[in-house]
Amino acid sequence: MVAAATHSSGQARCAGAERGGWALRGFASARALSGEELIGARLRWPRPSRLQRPLELASGRMAQALASLDVRTVGDLLEHLPGDSRPARTVAALVAGEQATVAVRVRAISSRPVRRRGMRPLVQATVADASGSMRATFFNQPWLVQRYQPGTTLLLHGKADGRGAFNVGHHAIADGEDAAPQGAEEGSAAVAHYPAAEGISSTQILTLVRALRPALGDVDEPLPAALRTREGLPDRASALAALHFPRDPRDAREGRERLAFEELLLAQMVFLLRRARRRERAGAHALRNRPSLSARWLAHGLPFALTGDQSAAIAHIREDLGKPQAMQRLLMGEVGSGKTVVALYAMLRAVEHGAQAALMAPTETLAEQHFATLQRLLGSEPVAVALLTGATPGRRRRDILGKLSSGELSLIVGTHALIEPDVRFGALALAVIDEQHRFGVRQRAALDAKGTPHTLHMTATPIPRTLALAGYGDLDTSALRELPGGRRGIRTRVVAGERGRAQAYELLREQLRAGRQAYVVCPLIEQEDDVSEAGSPSVGAGAARVAVRAAKEELRRLREGELRGFDLVLLHGGMRAREKQEAMARFASGEADVLVTTTVIEVGIDVPNATIMLIENAERFGISQLHQLRGRVGRGEHASVCLLVGPPSLRLRALVQHSDGFRLAEIDLALRKEGELVGTRQSGFGQFRVARLPDDAELLERARGRAEAIIASDPQLCAPEHALLARALSGRFGGEALEPIPA
């Protein structure tokens with residue numbers, strides 16, 4: 001009988017069957033247990049320390065193979081989860097031609113020579129289970145005659161031929177009473193199939209796990225019992241057992257869901273605890289003064305009215321900046337939604353308090369565009385702003401550094417050059433990090449170390465809620481979905497075949513003759529490149545090979561072919577800074593008709609007169625990247641068109657059908673899974689061993705809700721029922737898990 005305890009005072013003390021308010025009762029019974037019953041009760045406490053024992057393995061080769069899988073201890077092996085399961089059969093239930101696993105006992109074994117030159121003797125064994133016997137054949141392993149003596153129990157994986165023979169692919173000794181697959185006598189069981197390595201097979205890993213099945217009793221349970229009850233989840237040991245020894249598909253599914261929930265819960269708790277710790281810490285500039293410069297600029301400096309989303313984001317940012325705790329906010333924006341306007345408002349709040357603000361961009365081209373945009377938006381406002389990149393001349397750089405250090409320079413726009421050790425700020429109150437996913441954690445931390453600034457992270461890649469929770473759960477978020485008034489829609493078409501290409505260039509020429517300008521985007525800089533300028537391999541690598549266009553060659557070809565007589569200019573990331581500036585200046589001023597370029601223009605380029613974009617080899621880009629590129633047109637009063645040159649696909653059709661970047665991000669997530677998406681957080685996504693996103697989106701929402709409830713009721717995780725949960729957090733994320741870190 002299992003004992004249950006009730007306690008009238010709520011204090012943790014127990015000394016005897018009934019003392020100090022405690023009453024130990026039988027499970028599902030009101031009867032108090034006697035002292036004799038308590039003494040005779042069987043108790044079992046997990047001993048997690050035993051899971052740290054090294055594995056006892058038959059050979060050094062096997063140990064080396066497991067070490068390559070990061071499996072060295074008993075606990076490591078139990079956490080080495082199967083990727084899927086294979087059919088387990090009795091001998092009588094084997095189906096000819098089907099790969100299956102069977103547990104059998106050796107009755108007789110022998111070898112016979114093979115006449116074919118170079119082949120070792122075949123080993124044939126008569127093996128049997130309770131349902132019947134068969135002849136198992138092992139190839140090129142004559143030593144098995146000595147190893148698998150009659151009476152040995154084996155796990156064999158291979159293929160039956162339907163005539164009483166079984167060709168063995170993988171095999172291992174299965175020791176113990178649990179050697180037979182669960183339910184195999186019914187012909188419907190499954191056995192786990194594990195990630196393996198050279199030197200050890202999945203079948204051998206399975207036999208090791210089977211031998212160590214009793215060690216599951218030492219697995220502790222980090223989730224409080226009340227939480228598991230409300231969520232309908234099994235305990236951790238049972239979940240592991242269900243995955244390693246599934247009786248039916250539901251076992252493995254429920255076991256995986258339990259472990260995935262725990263994984264997601266721990267991640268969400270870390271995010272929430274980091275955010276809570278950050279909010280507890282003071283040290284940032286509290287920008288509380290009544291708006292002056294920023295209010296005047298909003299009222300008179302903007303040539304257009306703010307959208308509702310911009311106004312809401314500005315209100316949230318103003319509230320954040322008024323606190324001594326450093327803001328950490330992610331500003332997501334649809335292409336052309338006006339993120340820079342929101343960022344400049346925040347920067348002006350710093351300036352009107354006598355402090356400084358910095359905007360860091362990942363490329364010189366984007367930094368230069370931001371610098372030009374800020375100058376244009378500031379108009380006649382007397383605010384000093386400068387540009388600092390790796391290409392800034394030495395004398396100019398020294399002047400900028402001196403003014404930054406003294407506080408004379410209020411606003412600075414730059415690249416990684418802003419985080420160089422000799423860059424010092426007089427009073428940095430705000431850091432704006434654009435396209436933040438392109439920076440590493442250390443790079444973002446280096447800017448954070450220039451003071452204790454409020455931080456506004458910006459991305460032009462809309463992030464679905466699933467990704468936002470999984471990768472940015474410790475940040476506050478604002479989203480800009482609305483576009484400013486006066487923007488015309490962008491018509492998107494897929495262009496396939498030479499006839500379609502000819503029609504596309506005729507349309508492009510019509511736009512140029514009407515006084516408009518055009519982009520031609522290529523995935524490569526030069527033909528010998530085998531990756532895009534962004535450094536990622538072809539998205540369509542598995543598709544039929546097609547000619548891949550390169551910007552340099554395309555410039556020459558178009559000048560002599562389809563666009564002869566028009567002024568074309570080249571822009572790519574491999575050009576010198578001065579060359580890029582000159583190219584952009586010619587195009588932005590209208591001197592050049594066509595910009596032949598790469599993905600260097602993906603964000604930040606704003607030329608209202610450019611109304612048509614032709615993207616070569618569009619199949620090589622992801623949805624989000626294509627949407628960003630498309631956003632370079634449609635910025636003025638004229639109707640615009642985007643031509644996607646490539647074979648029709650779900651990805652390209654999605655762009656034709658949808659203009660909402662947030663909707664496209666959801667489609668991108670569904671098509672490509674989280675690890676491939678532009679905008680995923682470095683060192684964040686890819687963190688899950690068990691959870692699968694977006695498939696586990698509903699599980700993630702549940703985990704987030706439970707995490708919020710736990711942190712709200714016990715922010716320090718001091719309650720006894722949260723002790724193992726706190727230990728699991730530390731074990732999973734390390735001692736710095738709860739430290740607020742730059743996003």
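The buried residues of α17 pack against α16 (497–513), β18 (517–521), β19 (568–571) and β20 (594–597). Packing here rests on contact, meaning heavy atoms within 4.5 Å. Helices (H or I, at least four residues) and strands (E, at least two) are DSSP runs, numbered from the N terminus.

This is a predicted model, in which local features need pLDDT of at least 70 and side-chain atom pairs count only at pLDDT 80 or more, while totals for chains, interfaces and linings use all residues. Residues are numbered from 1 along each chain as its sequence is written, and side-chain values use heavy atoms, with hydrogens and water left out.

Which residues of α17 are buried? In this helix, residues 551–560, they are Ala 551, Glu 554, Leu 555 and Leu 558. Buried means under 20% relative accessible area, exposed over 50%, and partly exposed in between, with a 1.4 Å probe and protein chains only. Viewed down the axis of α17, the buried residues fall within an arc of 105°, so they line one face of the helix. That arc is taken from the directions from the helix axis to the C-beta atoms. An α-helix has 3.6 residues a turn, so residues three or four places apart point the same way.

Let us turn to the whole chain. It contains 23 helices and 22 strands, and 52% of its 743 residues are buried.

Next, the interior. A nonpolar core is a set of buried Ala, Val, Leu, Ile, Met, Phe, Trp, Tyr and Cys residues joined through side-chain atoms within 4.5 Å. The largest such core has 61 residues, and Leu 66, Phe 261, Leu 265 and Met 269 have the most contacts inside it. Helix α8 (residues 249–280) supplies the largest share of this core, eleven residues. A second, separate core holds 52 residues, among them Leu 570, Met 575, Leu 629 and Leu 652.

I turn to strand pairing, which requires that DSSP find at least two bridges between two strands. Strand β4 (residues 99–112) pairs antiparallel with β7 (residues 153–160) over seven bridges, and Ala 100 has Gly 158 in β7 as its bridge partner. Seven bridges also join β4 to the antiparallel strand β5 (residues 122–129), where Ser 110 is partnered by Gln 124.

Finally, how many disulfides does a search of the whole structure find? The search finds zero, a disulfide being a pair of cysteine sulfur atoms within 2.5 Å.
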